[in-house]
Amino acid sequence: AAAGVGARPARDGETFTQWDDLSSNAIHLPQATANNQPKRQTAIVGGRDVVRCDGVNDLLVAGSSAIYKQFLVVARYDGASFPGYNGLLSGTNQLAAEAVLVGNSLGTVFYDEPAITTVYHKDGTAYAEASMSGPMSAFGIMSISLAGGWDITLNVGQDRLYASRYWTNDIAAIVALGEVLSTGDRAYAKGLLGRYYGIAVS
């Protein structure tokens, strides 16, 4: 995706009004409120740019809903542990099933909703539910899939519009798919992301 201000890309350290969906679906992530806009930071990971969230009130909400079955995300959190349920990806309804990638409060793993069966991978390693390590202070490539899918309006940077549950630090890429990747395709996609961002994937 590309971060833009009007008709031009955001400059280094500048807030932006929309993170564009580069697919033909055009489900962009706008933010019209200046105080809630993340910043673009250039040449942060593998010489590539990132979206930087301040952990206070930065978030991006998709312009429409969709059914997602697979996410691959390149990001890092600013800290040794999650101080709360810090949201990287979620829906906009305060339902447990809409917590997609949310830090587990006072821990270093992502929260798992027991009522749904999700599949986690990070940097090429498979994790049991409720035990996928977060990208604490270092970039990781995370994969989460759900066979039945999440029917949500995608919220990036906050946990389901709960006050104070914001993501702090950088998001380099979000790949959102309407189908679950096979083991081979997932490994291939993560390998591409690893090479692009200079992140080792086992």
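This is a predicted model: local features need pLDDT of at least 70, side-chain atom pairs count only at pLDDT 80 or more; totals for chains, interfaces and linings use all residues.
I began with empty space, since rolling a probe the size of a water molecule over the atoms shows where it is left. My search of the whole structure turned up one cavity of 30 Å³ or more, and the space within the largest cavity comes to about 40 Å³. I then listed what lines the largest cavity and found Ala99, Val100, Tyr111, Asp112, Glu113, Ile116, Thr118, Tyr120 and Ile144. Sorted by class, this lining consists of six nonpolar residues, one polar residue and two charged residues.

Next I checked the length of α1, which covers residues 183-197: its 15 residues, at 1.5 Å a residue, should span 21 Å, and the end C-alpha atoms are 21 Å apart, so the two values agree. I looked up which residues of α1 are buried, and they are Arg186, Ala189, Lys190, Gly191, Leu193, Gly194 and Tyr197. Those buried residues pack against several strands, namely β5 (39-45), β6 (48-54), β8 (66-75), β11 (119-122), β13 (140-152) and β15 (168-177). After α1 comes Gly198, and I noted that its phi is positive, near 70 degrees.

Last, I turned to Gln31, which sits in the loop between β4 (29-30) and β5. Is Gln31 buried or exposed? Its relative accessible area is 11%, and because the cut-off for buried is under 20%, Gln31 counts as buried. Leaving aside residues up to four places away in sequence, I found that Gln31 touches Phe16, Thr17, Asn36, Gln37, Leu59 and Leu60.

How values were computed. Residues are numbered from 1 along each chain as its sequence is written. Side-chain values use heavy atoms; hydrogens and water are left out. On a 1 Å grid over the protein atoms alone, a cavity is a set of points where a 1.4 Å probe fits but cannot get out, and a pocket is an open set with protein on both sides within 12 Å along at least five of seven lines; lining residues have an atom within 4 Å of a point. Grid points are joined across faces, edges and corners, and a volume is the space filled by probe spheres set on the points. Ala, Val, Leu, Ile, Met, Phe, Trp, Tyr, Cys and Pro count as nonpolar, Asp, Glu, Lys and Arg as charged, and the others, Gly among them, as polar. Helices (H or I, at least four residues) and strands (E, at least two) are DSSP runs, numbered from the N terminus. The expected span of a helix is 1.5 Å times one less than its number of residues. Buried means under 20% relative accessible area, exposed over 50%, partly exposed in between (1.4 Å probe, protein chains only). Contact means heavy atoms within 4.5 Å.
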